[in-house]
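Subject: Structure handover

Hello,

Here is the structure we talked about. My notes follow below it.

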Amino acid sequence: MKKMIFSLVAVLLAACAPEQTYNPPQKAVEVKEVVFAKGADVSWLTQMESEGLTFKNAAGETTECMQLLRDDCGVNGIRLRVWVNPEEGWNNIDDVLVKARRAASLGLAVMIDFHFSDTWADPANQKVPAKWAYHGIDGLCKDVRDHVTEMLEKLKAYDVTPQWVQIGNETRGGLMYPLGELGNGANTAKLFNAGYDAVKAIFPEARVIIHLDSGDTLWLYARMFDYLKENDGRYDMIGMSFYPATDTWESQTNTLISNIKTVASAYSKPVMICEIGMSWDQGAVCKRMIQKIMDEFGQGGETLKGIFYWEPEAPSGYNGGYQLGCFRDGSPTEALDPFKN
């Protein structure tokens, strides 16, 4: 039944997607564990393909986006967000499954990013999914377990093993407000732990990430991870977002580097930059910023486990005005060049 459902989804997506040069391999591709992630979140990809967007490699040939990122940009990991019941279907479990299978078929490591929302979850939005809206904290913990289990069991059924799983997205103040908001006793930790336990039950080796925004703002991390320490919160890795301004990127990056070292030492956990970005027309500056971070930590994966660029393939102004991609006319700028090394 699972395979029948997936096949229907795949057919529908293929029917509305433009022709690509990507051809799935005829046999399984080994996905090697990544020591240092040089990644990209491409969660918009199936939606973009349905709208007719295409991508070109360095030779000007139309190429499937993940393959282009791997071959031309040095990307070795793909991050995919999961929404519970999105209005238009994009980023639901079946849509994520399509993209995750594609990534794995290309030998790319996979990060699954649970938002626990029907739409965006970020510092300004941590809204409970509509069908969970009247559940108490125990009910929400069960909802989290069931949702994580459903997604991960589908991945496992198709031999896709995520290397990292994010429980919540940019959760500086908690998740699924108001019950999961910081200030409601142990509720936030209970929700994180429900997700952690569900991940480990299916993929014991997957690294579970708690992800906050504004990696250059230390107090956000001290508040959350002190709280988790006090409330027996379980996680394997600290995730950060970082979107510096073009005119202050150097000082912000210096602060980020200092904060990574501080939190890794204080909580004895490595750090992943789960999201990074800069204005699409500042590729040279963005290249310098990413290179500075990589030069500081190297690629041994001891303190910093990697960097994921958020929606690099997005054209300028996509989805109502997003400007922080790093493609121009369907091809990557130099922003991701540090990943090639």
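Buried means under 20% relative accessible area, exposed over 50%, and partly exposed in between (1.4 Å probe, protein chains only). Asn193 has 10% relative accessibility, so Asn193 counts as buried.

This is a predicted model: local features need pLDDT of at least 70, side-chain atom pairs count only at pLDDT 80 or more, and totals for chains, interfaces and linings use all residues. Residues are numbered from 1 along each chain as its sequence is written, and side-chain values use heavy atoms, with hydrogens and water left out.

Asn193 sits in helix α6, residues 187-202 (helices are DSSP runs of H or I, at least four residues; strands are runs of E, at least two; both are numbered from the N terminus). Leaving aside residues up to four places away in sequence, Asn193 touches Asp232, Gly233 and Arg234 (contact: heavy atoms within 4.5 Å). Its C-alpha atom is 17 Å from that of Tyr267, 74 residues apart along the chain.

Now the sheet. Eight strands, β1-β2-β3-β4-β5-β6-β7-β8, form a closed barrel with parallel pairing (two strands pair if DSSP finds at least two bridges between them). Neighbouring strands are turned by 25 degrees against each other on average, direction ignored (axes are lines fitted to C-alpha atoms, for helices over the stretch in contact; angles run from 0 to 180 degrees between N-to-C directions). Helix α7 (218-230) packs on the sheet and touches β5 (207-212) and β6 (237-242). The directions of α7 and β5 make about 135 degrees.

Strands β2 (77-82) and β3 (109-114) run parallel, joined by six bridges. Ile78 has Val110 in β3 as its bridge partner.

Best wishes
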